[in-house]
Amino acid sequence: MTASSSNRGMGKQVILYAILFLVLLWTLVPILWMVLSSFKPGVAQLSPTPVFFFRPTLQHYTALFTGGNLGAYFINSVLAAGISTIIAVSLGTLAGYGLARSHFRGKQHVAFWIISTRMAPIAAIVLPLFILFRYVNLLDSIPGLIVAYLTFNLPFAIWIMNAFFQDLPPSLEEAAMVDGASRFQAFYRVALPLVTPGIVTTAILCLVFSWNDYAFAATFAGPNSQTLPIAAAQLNTQTGLSWGQLTAIGTIVVLPMMIVGLAVRRYLVKGLTLGAVTGE
Amino acid sequence: MLLPVLLLLAVLSLFPFFYIIWMSLNTVSLINGISFDFAGLTNWTRMFTDVIVGAAWARAALYFVATVGLEMILGVAIALLIHELVWGKNLALSLILLPMFMAPVIVGLLGRFLTDSSYGLYAFALRELGIFEKDILGTSSSALAAVILMDVWEWTPLIVLIVLAGLASVNQYVIEAAKVDGANYLERLRHIVAPSIAGVVIVALLVRSMDAIRYFDIITVTTNGGPGNTTKIIPIRLYETAFRFFDLGYAAAIGLGMLVFSILVANAFVRILESRGLAK
């Protein structure tokens with residue numbers, strides 16, 4: 001009885017892992033193929049049948065940095081995504097705390113406004129911003145991209161930080177204030193340290209969203225402010241077939257985000273569902 | 001600190017919002033600087049009789065239902081699979097999540113690489129298996145399916161992540177009790193698991209829906225609406241109306257139509273938050 005049921009359990013697990021293998025194949029083959037191709041010499045690249053074994057080369061990476069000006073695009077990406085993230089998370093933490101701890105009439109309307117700002121379709125936001133940026137000379141500039149990224153990162157950061165602060169019982173801060181702490185001290189010394197995972201998660205998600213942006217940068221960026229995703233897209237059209245360089249730039253764009261994204265995996269659910277679902 | 005940040009958010013969101021409404025009531029020209037020419041409701045009346053825009057909406061609806069539908073089905077199925085695993089659960093989830101950290105533009109470019117008729121790995125596999133021999137992104141019948149599958153590849157992991165969090169919170173004692181009472185897996189799924197994860201699944205659906213209408217990067221860098229308009233969904237049509245035909249006033253009217261849709265999704269999202277007791 002026990003033997004047959006554990007046999008059935010074994011059989012079930014074997015089937016499950018077989019299906020898992022197929023799922024992983026589906027997920028990972030494109031990524032592995034991209035990374036593999038980025039180290040593939042040009043000749044192997046242009047073979048009509050897939051080449052799996054070759055002498056790895058860094059030629060595509062060096063070509064991108066020497067001839068392709070990739071260093072500058074990389075810095076643009078880091079500045080635009082990084083600064084917008086820092087501003088969004090700092091302001092979002094303050095406002096998120098304020099929102100979580102205050103009660104006023106029409107609060108749900110404010111909440112609704114914040115969330116719809118985050119959800120607004122990029123194609124629709126790009127239009128008015130394009131004209132406004134022309135008036136104030138923000139086209140083709142890093143500050144322009146930072147402002148553009150704030151349109152989605154700021155509402156996101158306010159909303160998520162609000163959700164993280166709501167999970168903290170206000171009694172902790174109240175106790176501190178009874179002991180003589182000011183409202184700001186209660187926030188800074190009691191509440192803030194307790195939401196560190198929330199701040200880190202918010203920062204990483206803001207970074208991922210803005211680092212991965214294509215539509216805003218494609219509209220606003222120019223020679224002075226080109227970011228990595230734009231460089232990747234233009235590489236393909238300008239020089240025709242340079243899959244080696246394309247896979248190299250793709251690897252450079254995606255690997256850092258995969259690493260930081262997985263680093264906060266425990267809190268991703270809360271961040272990506274805008275606080276509606278709490279994980280683990 | 002809540003108020004100053006909300007004022008900044010108002011500058012970032014309400015100002016462009018009223019500006020796009022104003023744009024939609026004008027003929028906006030970019031020749032010799034920016035000029036607005038009041039046109040009343042002409043952009044609006046034109047939009048409601050524009051066959052091309054209507055077709056782009058219909059295609060967007062199809063694209064939306066196909067991507068989000070497949071992502072939900074596959075996402076729930078994969079989450080149920082991972083939930084049943086006895087070892088390697090964490091590693092499997094981490095690997096499955098990888099695509100969702102990738103810049104959509106890189107997913108599109110990688111998709112182009114994989115389906116390239118001369119050098120693409122997937123094109124090669126389909127050709128060798130005798131399934132499909134034509135240029136995948138250049139053929140009307142396959143281009144739409146290909147861009148849908150690229151989106152599904154990138155975003156199914158998000159659904160897996162959210163649904164797994166829901167599965168983790170299902171009461172284990174009830175499951176064990178049902179097992180003792182002789183309920184098989186499908187019965188437990190239907191009567192215990194499904195009702196307890198329904199809320200989470202709806203959150204996943206809404207989160208995915210709002211992003212599905214936000215992004216159009218994958219199509220932009222793969223087919224850009226072609227071949228023969230078969231992948232021209234509404235944001236692509238908006239973008240070319242604005243930045244290829246420079247008909248910005250008309251594009252603004254189309255953009256407002258998209259905004260209405262996203263506001264409906266945001267509204268549904270806030271409602272579900274309230275029903276889950278998360279909006280305080």
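Helices (H or I, at least four residues) and strands (E, at least two) are DSSP runs, numbered from the N terminus. Just past helix α6(A), N137(A) adopts a positive phi of about 60°. Please bear in mind that this is a predicted model, in which local features need pLDDT of at least 70, side-chain atom pairs count only at pLDDT 80 or more, and totals for chains, interfaces and linings use all residues. Residues are numbered from 1 along each chain as its sequence is written, while chains are lettered from A and ligands numbered from 1 in the order in which they are written.

Now to α6(A) itself, residues 122–135.

How many residues of α6(A) are buried? Ten of the 14 are, so α6(A) is largely enclosed by the rest of the structure. Buried means that 20 or more other C-beta atoms, placed from the backbone, lie within 10 Å of the residue's own. Among them are L129(A), F130(A) and F133(A). The buried residues pack against helices of chain A and chain B, including α7 (142–166) of chain A and α12 (248–275) of chain B.

That brings us to the contact between the chains, which takes 78 residues from chain B and 78 residues from chain A (C-beta atoms, placed from the backbone, within 7 Å). On the chain B side, α12(B) gives the largest share, 14 residues.

Key. Expected span 1.5 Å × (residues − 1). Buried ≥ 20, exposed ≤ 12 C-beta atoms within 10 Å, placed from the backbone. Contact = placed C-beta atoms within 7 Å.
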